[in-house]
Amino acid sequence: QVQLVESGGGLVQAGGSLRLSCAASGIILGAHTMGWYRQAPGKQRDLVAQITGSGTINYADSVKGRFTISRDNAKNTVYLQMNSLKPEDTAVYYCNTVGPDRRYDYRVSWGQGTQVTVSS
């Protein structure tokens, strides 16, 4: 059974930093394109960063230059370093696989996510 467990969220002031982690079991993250998604209240869940199995990385324009996605194959974990946080980054953050169209591909169920709240 595949399980993704996100952690590292919290409450931070604008301009602060957080590092999110996504630990996986039942799936080898390095063999898939993995992404971080976020969902703010009343909004759809959007992809903000992805890393392919070969290490190619892409970011949404809204986080480019501030967020960094990385992967530790030995720990089977994906990370999201978030710097210069803004109130509009407030959301529940999830990790999951990403399809070739840069959308959720429904292969793995969602985890519980981790809440990030940025105060102004």
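Biologist: What makes the meeting of the Asp105 and Arg107 side chains a salt bridge?

Modeller: The term asks for a side-chain nitrogen of Lys or Arg within 4 Å of a carboxyl oxygen of Asp or Glu. Here N to O is 2.7 Å, so the pair qualifies. One caution: this is a predicted model, where local features need pLDDT of at least 70, side-chain atom pairs count only at pLDDT 80 or more, and totals for chains, interfaces and linings use all residues. Residues are numbered from 1 along each chain as its sequence is written, and side-chain values use heavy atoms, with hydrogens and water left out.

Biologist: Why is Asp105 called partly exposed?

Modeller: Buried means under 20% relative accessible area and exposed means over 50%, with partly exposed in between (1.4 Å probe, protein chains only). Asp105 has 23%, so it falls in between. Arg107, at 49%, is partly exposed too.

Biologist: And how do you know whether Asp89 and Arg38 are buried or exposed?

Modeller: Asp89 is at 0% and Arg38 at 13%, so by the cut-off for buried both count as buried. Their side chains also form a salt bridge, at 2.9 Å from N to O. That pair links Asp89, in the loop between S8 and S9, with Arg38 in strand S4, 51 residues apart.

Biologist: What makes Asp61 exposed?

Modeller: Its relative accessibility is 66%, so Asp61 passes the cut-off for exposed. Its side chain meets that of Lys64 in a salt bridge of 3.1 Å, N to O.

Biologist: Why are S1 and S3 called paired?

Modeller: Two strands pair if DSSP finds at least two bridges between them. S1 and S3 have five bridges, so they pair, running antiparallel. They belong to an open sheet of four strands in the order S1-S3-S8-S7. Strand S1 (3-7) and strand S7 (67-72) stand at the edges with a single partner strand each, so one side of each lacks a neighbour in the sheet.

Notes: Helices (H or I, at least four residues) and strands (E, at least two) are DSSP runs, numbered from the N terminus.
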